[in-house]
Amino acid sequence: MSDNSSSDNTSRRSAMARLRDRAMRILAMRDHSELEFRRKLAAPIMTKKGPEAVDATPEEIDQVVAWCIEHNFLDDSRFVRQFIASRARKGYGPVRIRQELNQKGIARETSENAMRECEIDWVSSARDQAQRKYGEPLPTEFAAKVKVQRFLLYRGFMQEDIQEIWRNFAD
């Protein structure tokens, strides 16, 4: 009887080791939000035979997540800072970045604090995106300006930042 519980204990421990290994592989690629990380840990594993369910209980996933947080492998505030910088470099504005952070399960307060702390000049970024797409000088006739504004709104820039481009342009 003790042999059976011992082997069951060993298989559980190896399942935890496999889950921890999977967690490290996921986090080695890039930072993730906790919600995103939990989804990936629980998602089926693709094998040669097709998707294979993960042999882990919700409690085991909680333990691995707690272990990752404890060892500073998983940190939502670090993820948010890196995500904002990355998306801003790719030409997205603050509205779109906030929306994407929300989809990734980041608390509104956390994303707002990080947006306040980041030192990104959104007006300059919006101008750069507009000039990259429409050339320099930026259009001044109404119909063309509306087109540029629509593009920048789609990219997630705020109306005030977009209007500031033409105010500075007029100087």
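# Close-ups of a predicted model

**View 1. Glutamine 149 on helix α8.** Glutamine 149 sits in helix α8, which covers residues 142–155. Keep in mind for this and every other view that the model is predicted. With a relative accessible area of 19%, glutamine 149 counts as buried, because the cut-off for that word is under 20%. Skip the neighbours within four places in sequence, and the residues in contact with glutamine 149 are Gln159, Ile162 and Trp166.

**View 2. Isoleucine 162 on helix α9.** One of those partners of glutamine 149, Ile162, gets its own close-up here. Isoleucine 162 belongs to helix α9, residues 159–170. Its relative accessible area is 0%, so isoleucine 162 is buried. Again leaving out neighbours within four places in sequence, isoleucine 162 is in contact with Gln149, Leu152, Leu153 and Phe157. Take leucine 152 from that set: 10 residues separate isoleucine 162 and leucine 152 in sequence, and their C-alpha atoms are 7.1 Å apart in space.

**View 3. Where helix α7 packs against α8.** Helix α7 runs over residues 122–134, and its axis and that of α8 are 10 Å apart, at an angle of about 125°. The two helices are therefore oblique to each other, and α7 passes α8 in a right-handed crossing. On the α7 side, the contact uses Ala126, Gln129, Ala130, Lys133 and Tyr134. The α8 side brings in Lys147, Val148, Phe151, Leu152 and Arg155. Sorted by class, the residues in this contact of α7 with α8 are 6 nonpolar, 1 polar and 3 charged. Leu152 of α8, part of this contact, is also in contact with isoleucine 162.

**View 4. Glutamine 131, also on α7.** Glutamine 131 is another residue to look at in helix α7. At 24% relative accessible area, glutamine 131 comes out as partly exposed. Its contacts, apart from neighbours within four places in sequence, are with Glu136 and Leu138. For a distance across to valine 148, go C-alpha to C-alpha: glutamine 131 and valine 148 are 9.4 Å apart in space and 17 residues apart in sequence.

View 5. Glu136, one of the contacts of glutamine 131, is joined to proline 137 by a cis peptide bond, with omega at about 0°. What makes that worth a close-up? Most peptide bonds are trans. Proline 137 itself lies in the loop between α7 and α8.

**View 6. The annotated stretch 123–165.** An unreviewed UniProt entry puts the feature "domain: RecX third three-helical" at residues 123–165. In the model, this span is 77% helix and 0% strand. The C-alpha atoms at the ends of residues 123–165 lie 7 Å apart.

**View 7. The annotated stretch 75–115.** From an unreviewed UniProt entry comes a second label, "domain: RecX second three-helical", placed at residues 75–115.

**View 8. Helices α5 and α6 side by side.** Helix α5 covers residues 94–103 and helix α6 covers residues 108–117; their axes come within 10 Å and cross at roughly 145°. The crossing of α5 past α6 is right-handed. Pro94, Ile97, Arg98 and Leu101 of α5 meet Ser111, Glu112 and Met115 of α6. That gives the contact of α5 with α6 4 nonpolar, 1 polar and 2 charged residues.

**View 9. Glutamate 34 on helix α2.** Glutamate 34 is in helix α2, residues 34–42. Is glutamate 34 buried or partly exposed? Glutamate 34 counts as partly exposed, at 25% relative accessibility. Beyond neighbours within four places in sequence, glutamate 34 is in contact with Val65, Ile69, Leu74 and Asp76. Leucine 74 is 40 residues from glutamate 34 along the chain, yet 7.0 Å separates their C-alpha atoms.

**View 10. Asparagine 72 and its positive phi.** Asparagine 72 is in the loop between α3 (58–70) and α4 (76–89). Why single out this backbone? Most residues other than glycine have a negative phi. Asparagine 72, which is not a glycine, has a positive phi near 65°. With a relative accessible area of 45%, asparagine 72 is partly exposed.

Definitions and conventions. Residues are numbered from 1 along each chain as its sequence is written. This is a predicted model: local features need pLDDT of at least 70, side-chain atom pairs count only at pLDDT 80 or more; totals for chains, interfaces and linings use all residues. Side-chain values use heavy atoms; hydrogens and water are left out. UniProt positions are given in the numbering used here, feature names are shortened, and annotations may be inferred rather than shown by experiment. Helices (H or I, at least four residues) and strands (E, at least two) are DSSP runs, numbered from the N terminus. Buried means under 20% relative accessible area, exposed over 50%, partly exposed in between (1.4 Å probe, protein chains only). Contact means heavy atoms within 4.5 Å. Axes are lines fitted to C-alpha atoms, for helices over the stretch in contact, and angles run from 0 to 180 degrees between N-to-C directions. Angles under 35 degrees count as roughly parallel, over 145 as roughly antiparallel, 65 to 115 as roughly perpendicular and the rest as oblique. A crossing is left-handed if the near helix is turned anticlockwise from the far one by less than a right angle, and right-handed if clockwise. Ala, Val, Leu, Ile, Met, Phe, Trp, Tyr, Cys and Pro count as nonpolar, Asp, Glu, Lys and Arg as charged, and the others, Gly among them, as polar.
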